[in-house]
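Here's a quick briefing to read with the model open beside you. Take a look at the chain first, then work through the topics below.

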Amino acid sequence: MELPPLAAYIHIPWCVRKCPYCDFNSHAAGPDLPEDAYIAALLADLECELDQVQGRKFTSIFFGGGTPSLFSAEALGRILDGLEQRVGFAEGIEITLEANPGTFEQAKFRDYRSLGINRLSIGVQSFQAAKLKALGRIHDGDEAIRAADMARAAGFDNFNLDLMHGLPEQSLDDALSDLRIAIAQQPTHLSWYQLTVEPNTEFWSKPPKLPEDETLWDIQEAGQALLAGHGYGQYETSAYAQPGRQARHNLNYWTFGDFLGLGAGAHGKSTRPDGQIRRNWKTRLPRDYLDPAKRFRAGDKRLQQNELPFEFLMNVLRLTDGVPALLFTQRTGLPLDLLAEARRKAEARGLLASDPERLVATAKGQLFLNDLLQLFLP
């Protein structure tokens with residue numbers, strides 16, 4: 001069985017302030033970030049994961065959080081050096097850094113670019129003051145626009161803007177205004193997704209007034225048409241890109257590639273030469289992750305053969321064009337005819353395209369993805 005590509009996800013768990021909608025593993029930063037201790041822990045964590053590499057080099061790296069741009073360029077450079085020395089970088093590697101539009105981060109963009117970081121993902125969410133306030137964001141719309149300008153001036157010709165819709169009391173005009181402003185910044189990629197209220201968030205305990213379903217549907221339809229009209233092709237449920245600018249790191253997730261998860265609460269997936277596929281996850285709280293008496297890895301699970309069809313399709317069917325059917329065997333080691341009965345049922349219900357060469361959801365299947373995936377549950 002040929003091993004899939006290998007990526008790395010690096011989790012930096014601190015941010016300036018916890019947003020009321022956020023259920024990620026993020027924690028408000030104190031006056032002093034423990035950069036040195038955290039870098040040492042990350043590289044020690046990597047040492048423990050080297051058996052998963054199996055001679056491969058990283059094809060992409062993603063610094064997520066939290067707000068990774070709170071770390072200095074020097075700190076991120078030390079992490080990248082450690083990754084390159086221990087594993088190595090494939091030619092043309094994509095290295096993405098999540099950043100917030102605050103002025104403090106903007107001043108460091110040029111330093112980040114000089115490290116070899118070649119893609120930014122800027123967390124805008126909205127350009128409107130009332131919406132940003134409702135979301136607990138600490139930047140304003142002008143700062144978000146300046147961040148895009150600064151990214152371009154620093155040499156980033158590839159950057160994503162992260163934008164949400166379905167915000168508290170948002171109208172169709174509000175949502176389309178945000179999209180038009182984002183498009184005007186000419187990002188190569190837009191992540192445009194609906195706000196959902198998640199457990200263990202402030203919004204869960206104090207729910208805001210969100211738009212009605214009819215308004216949400218109108219926003220989705222009009223927004224997708226607007227993006228398409230400006231050359232942003234939808235290639236995944238909430239991802240839109242200019243031609244050839246799809247996020248390679250995320251495509252690795254969605255095509256069931258492997259990735260090392262490094263940092264507090266990070267998740268990883270690995271394929272072994274004997275065909276075993278495993279998922280693992282790291283201890284969540286930063287103080288525990290930094291405690292030398294505790295293990296980095298909090299859990300590890302081997303995916304059973306009957307779980308693999310669902311696990312594989314849960315990812316690949318998010319892609320609007322799907323994947324070649326043979327990728328199922330290449331990534332799981334299982335015969336394609338294992339899917340035959342569930343495929344027939346999905347095709348009969350109009351959820352899966354009747355194409356023997358590809359696994360791709362129909363337009364209806366994209367809308368009812370959970371119903372489609374349930375057909376492949378063990």
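Let's start with a loop: Gly66 sits between strand 4 (58-65) and helix 2 (73-86), where strands (E, at least two residues) and helices (H or I, at least four) are DSSP runs numbered from the N terminus. The peptide bond going from Gly65 to Gly66 is cis, with omega near 25°.

This is a predicted model, so local features need pLDDT of at least 70 and side-chain atom pairs count only at pLDDT 80 or more, while totals for chains, interfaces and linings use all residues. Residues are numbered from 1 along each chain as its sequence is written, and side-chain values use heavy atoms, with hydrogens and water left out.

- Gln125 has phi near 70°, a positive value in a residue other than glycine.
- Gln125 belongs to strand 6 (residues 119-125) and is buried at 4% relative accessible area (buried means under 20%, exposed over 50%, partly exposed in between, with a 1.4 Å probe and protein chains only).
- Glu169 isn't a glycine either, yet its phi is positive at about 55°.
- You'll find Glu169 in the loop between strand 7 (159-165) and helix 7 (172-184), and this residue is exposed, with a relative accessible area of 62%.

**Nonpolar cores**
- The largest nonpolar core has 61 residues, and Ile10, Phe58, Ile61, Phe63 and Leu83 have the most contacts inside it (a core is a set of buried Ala, Val, Leu, Ile, Met, Phe, Trp, Tyr and Cys residues joined through side-chain atoms within 4.5 Å).
- A second, separate core has 31 residues, including Ala241, Leu308, Leu339 and Leu359.
- Leu83 touches Ile10, Leu46, Phe58, Ile61, Gly88, Phe89 and Leu262, leaving aside residues up to four places away in sequence (contact means heavy atoms within 4.5 Å).

**A buried aspartate**
- Asp258 is in strand 11 (residues 258-262) and counts as buried, at 0% relative accessibility.
- Not counting residues up to four places away in sequence, Asp258 touches Pro4, Pro5, Leu6, Ala7, Arg56, Asn252, Lys269, Ser270 and Thr271.

**Aromatic pairs**
- There are 13 aromatic pairs in the structure (rings of Phe, Tyr and Trp, the last by its six-membered ring, pair if their centres lie within 6.5 Å; planes under 30 degrees apart are stacked, over 60 edge-to-face, the rest tilted).
- Trp192 and Tyr240 make an edge-to-face pair, because their ring centres are 6.3 Å apart and their planes are at 65°.
- That pair links distant parts of the chain, with Trp192 in strand 8 (residues 189-194) and Tyr240 in strand 10 (residues 239-241), 48 residues apart.
- Tyr289 and Phe296 form a tilted pair, 5.0 Å centre to centre with 50° between the planes, and both are buried.
- One aromatic cluster is made up of Trp14, Tyr38, Phe71, Tyr289 and Phe296.

**The second largest pocket**
- The second largest pocket holds about 190 Å³ of space (on a 1 Å grid over the protein atoms alone, a pocket is an open set of points with protein on both sides within 12 Å along at least five of seven lines, and lining residues have an atom within 4 Å of a point).
- Helix 14 (residues 340-348) gives the most to this pocket's lining, with three residues.
- Among the lining residues are Asn306, Pro309, Glu341, Lys345 and Phe376.

Key:
1 Å grid on protein atoms, 1.4 Å probe; cavity = no way out; pocket = protein on both sides within 12 Å on 5 of 7 lines; lining within 4 Å. Points joined across faces, edges and corners; volume = space filled by probe spheres on them.
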